Amino acid sequence: MFALPNTQHSQVAYVTNDLDAAAALLEKQYGVPGFYKFDTTGVAQPGDPQLRIGLARVGGVEVELIEPQGSTANLFSDVLPRSGSGLAIKFHHVAIRIDGSLENWQRHRAAIDIARHPIVYQGGLGDMLRYFYTDERPTLGHYVEHVWMGPDLLAQLAAAIPTYPRQG
């Protein structure tokens with residue numbers, strides 16, 4: 001699945017119980033250049049997880065922080081300690097991005113053997129974004145996110161996400 005056509009490792013993601021504190025820690029202790037922060041309110045479909053997200057790019061790879069909101073996001077909150085235990089940052093997934101056309105995405109999705117790589121969550125946003133998570137915890141210890149973005153969304157994120165080293 002990592003070596004399918006048009007794929008590239010694009011992200012390492014952590015879940016946290018405090019996005020702002022986690023971002024400040026990664027900026028101070030690990031030299032992350034800052035985070036573009038947003039939440040899924042207004043774009044999430046009914047029943048989808050409500051999340052706060054922070055994105056940064058370091059050396060060509062995105063660093064994602066995810067703060068699940070309320071009880072809507074068990075896929076993301078299950079590894080976090082219960083309240084009152086201070087700041088938690090836990091590794092959650094790597095992401096592979098499928099480049100190119102929506103047809104590339106469809107071929108990638110069709111190539112996944114879901115008996116060996118069960119899909120535990122999937123979604124999208126029209127023709128701008130498609131994604132699914134496979135549960136690789138028994139073998140790799142984490143999830144893998146498979147994601148495709150249309151060119152306009154890729155350009156918007158490239159302009160918004162703080163990047164090191166600075167490009168352009």
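User: In this predicted model, is Ser10 buried or exposed?

Analyst: The relative accessible area of Ser10 is 10%. The cut-off for a buried residue is under 20%, so Ser10 is classed as buried.

User: Which residues does Ser10 contact, leaving aside its neighbours within four places in sequence?

Analyst: Ser10 is found in strand S1, which spans residues 7-16. With neighbours within four places in sequence left aside, the contacts of Ser10 are Val61, Glu62, Ala95, Ile96 and Arg97.

User: Is Thr41 buried or exposed?

Analyst: Thr41 lies in the loop between S2 and S3. Exposed residues are those over 50% relative accessible area. Thr41 has 58% relative accessibility and therefore counts as exposed.

User: What is the nearest side chain of opposite charge to Asp48, and how far away is it?

Analyst: Asp48 is placed in the loop between strand S2 (36-39) and strand S3 (51-58). Asp48 touches Thr72 and Tyr121, residues up to four places away in sequence not being counted. Asp48 is buried yet has no salt bridge. The nearest side chain of opposite charge belongs to Arg130, at 12 Å.

User: Which residues have the most contacts inside the largest nonpolar core?

Analyst: The largest nonpolar core has 21 residues. Among the elements that each supply at least two residues of this core are S1, S3, helix H2 (74-77) and strand S7 (129-135). The residues with the most contacts inside this core are Phe76 and Tyr133.

User: Which residues are in contact with Phe76, its neighbours within four places in sequence being left aside?

Analyst: Phe76 has one of the highest contact counts inside the largest nonpolar core, as does Tyr133. Beyond its neighbours within four places in sequence, Phe76 is in contact with Val15, Pro49, Leu51, Ile66, Pro68, His92 and Tyr133.

Definitions and conventions:
Residues numbered from 1 in each chain as written. Predicted model: local features only at pLDDT ≥ 70, side-chain atom pairs only at ≥ 80, totals over all residues. Heavy atoms only, no water. Helix = DSSP H or I, 4+ residues; strand = E, 2+ residues; numbered from the N terminus. Buried < 20%, exposed > 50% of the residue type's maximum accessible area, 1.4 Å probe, protein only. Contact = heavy atoms within 4.5 Å. Lys, Arg positive; Asp, Glu negative; His and termini not counted. Salt bridge = Lys/Arg side-chain N within 4 Å of Asp/Glu carboxyl O. Core = buried A, V, L, I, M, F, W, Y, C linked by side-chain atoms within 4.5 Å.
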